[in-house]
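Here is a short report on one protein model. Please read it with the sequence and the 3D view open.

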Amino acid sequence: MSRATSLADLYRASVQEYTRTPAEWKGLLSCVARFYKRSFDNAVLIYAQKPDATQLGTFDEWHDKRVGRSINRGAKSIAVIDMVNPNASIKYLFDFMDTNGSVQSYRNLQQLLWELEEQYRPSVMMRFHEKYNTPTSGIGACLYHLVSRRVRDWLLPYMENFRVRDEESPLHGMPEAGRPRRK
């Protein structure tokens with residue numbers, strides 16, 4: 001059986017499986033939302049092969065000098081159909097979690113994925129300022145303020161019942177007084 005035939009069979013079986021229950025359907029839709037730039041058919045194939053995939057790229061895209069990441073040895077690719085190619089060939093993708101590289105390569109990737117064009121920055125900052133009272137000195141300060149607020153709001157309640165049970169952990173036995181208290 002050819003790889004294309006097995007991929008087509010995987011697609012058909014996956015669609016049947018993911019439409020059986022609301023939970024599976026929601027899982028598939030979550031994957032479709034994460035990979036909104038890819039076709040629905042390819043999102044089904046991605047979900048079937050690696051439901052927890054995060055950011056995907058081909059071997060060449062990860063190794064591009066602008067990104068500068070390497071594929072981990074033994075990493076398993078995700079096969080999808082290359083719809084750009086008139087012959088609809090198979091394209092192999094790798095998840096970010098199956099790559100490695102420097103902190104700078106991660107920053108390069110984020111800049112390629114998340115770029116806010118200069119023309120939109122003032123209006124985005126003003127909307128955030130109006131809704132969340134963020135600083136207007138720059139987009140970095142605005143986003144830092146939003147993230148800091150979310151961490152402050154969510155981290156302390158989450159940590160209230162946090163207990164380290166692993167006796168080998170360096171945090172085991174940390175005194176109760178050492179934990180920050182909610183204000």
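Glu118 and Arg121 form a salt bridge, with the closest N and O atoms 3.7 Å apart. The model is predicted, and this distance is computed from its atoms. Arg121 has a relative accessible area of 28%, so it counts as partly exposed.

Arg66 and Asp64 also meet through their side chains in a salt bridge, at 3.2 Å from N to O. Arg66 is exposed, with a relative accessible area of 53%. Asp64 is partly exposed, at 26%. The search of the whole structure finds 5 salt bridges.

Which residue meets Lys50 in a salt bridge of 2.9 Å, N to O? The partner is Asp98, and the two side chains make the contact. The pair links distant parts of the chain. Lys50 sits in the loop between α3 and β1. Asp98 sits in the loop between β4 and β5 (99-100). The two residues are 48 residues apart.

Is Lys50 buried or exposed? Lys50 is buried, because its relative accessibility is 18% and the buried class lies under 20%. Asp98 is buried too. Beyond residues up to four places away in sequence, Lys50 touches Ile78, Asp95 and Asp98. A network of salt bridges links Lys50, Asp95 and Asp98.

## The sheet

Three strands, in the order β1-β4-β3, form an open sheet with antiparallel pairing. β1 and β3 stand at the edges with a single partner strand each, so one side of each has no neighbour in the sheet. Strands of a sheet pair through backbone hydrogen bonds, in a parallel or an antiparallel sense.

Strand β1 (residues 56-57) pairs with strand β4 (residues 90-95) over 2 bridges. Leu56 has Asp95 as its bridge partner in β4. Asp95 also belongs to the salt-bridge network with Lys50 and Asp98. On the other pairing, strand β3 (residues 78-81) and β4 share 4 bridges, again in the antiparallel sense. Here Ile78 stands opposite Leu93 in β4. Ala79 stands opposite Tyr92 in β4. Ile78 is also one of the residues that Lys50 touches.

## Helix α3 and its cover

Helix α3 spans residues 40-49. Which of its residues are buried? They are Asn42, Ala43, Val44, Leu45, Ile46 and Tyr47. The cover over these buried residues includes two helices, α1 (3-18) and α2 (22-34). The cover also includes the strands β1, β3 and β4. These are the strands of the open sheet.

## Cysteines

How many disulfides does a search of the whole structure find? The count is 0. Cys31 is buried, with a relative accessible area of 0%. Cys142 also counts as buried, because its relative accessibility is 0%.

Which residues form a nonpolar patch on the surface? They are Val147, Val151, Leu155 and Tyr158. Together they have about 410 Å² of accessible area. Tyr158 lies in helix α7 (residues 139-159).

## His129 in helix α6

His129 lies in helix α6 (residues 121-132). His129 has a relative accessibility of 29%, so it counts as partly exposed. Leaving aside neighbours within four places in sequence, His129 is in contact with Thr134 and Thr136.

How far apart are the C-alpha atoms of His129 and Asp98? The separation is 38 Å. Along the chain, the two residues are 31 residues apart. Asp98 is the residue that meets Lys50 in the salt bridge of 2.9 Å.

Notes: Residues numbered from 1 in each chain as written. Predicted model: local features only at pLDDT ≥ 70, side-chain atom pairs only at ≥ 80, totals over all residues. Heavy atoms only, no water. Pairing = 2+ DSSP bridges. Buried < 20%, exposed > 50% of the residue type's maximum accessible area, 1.4 Å probe, protein only. Contact = heavy atoms within 4.5 Å. Patch = residues over 30% accessible without salt bridge, like charges linked within 9 Å, V, L, I, M, F, W, Y side chains within 5 Å. Areas by Shrake-Rupley, 256 points an atom, 1.4 Å probe, with all protein chains shown as cover. Salt bridge = Lys/Arg side-chain N within 4 Å of Asp/Glu carboxyl O. Disulfide = S-S within 2.5 Å.
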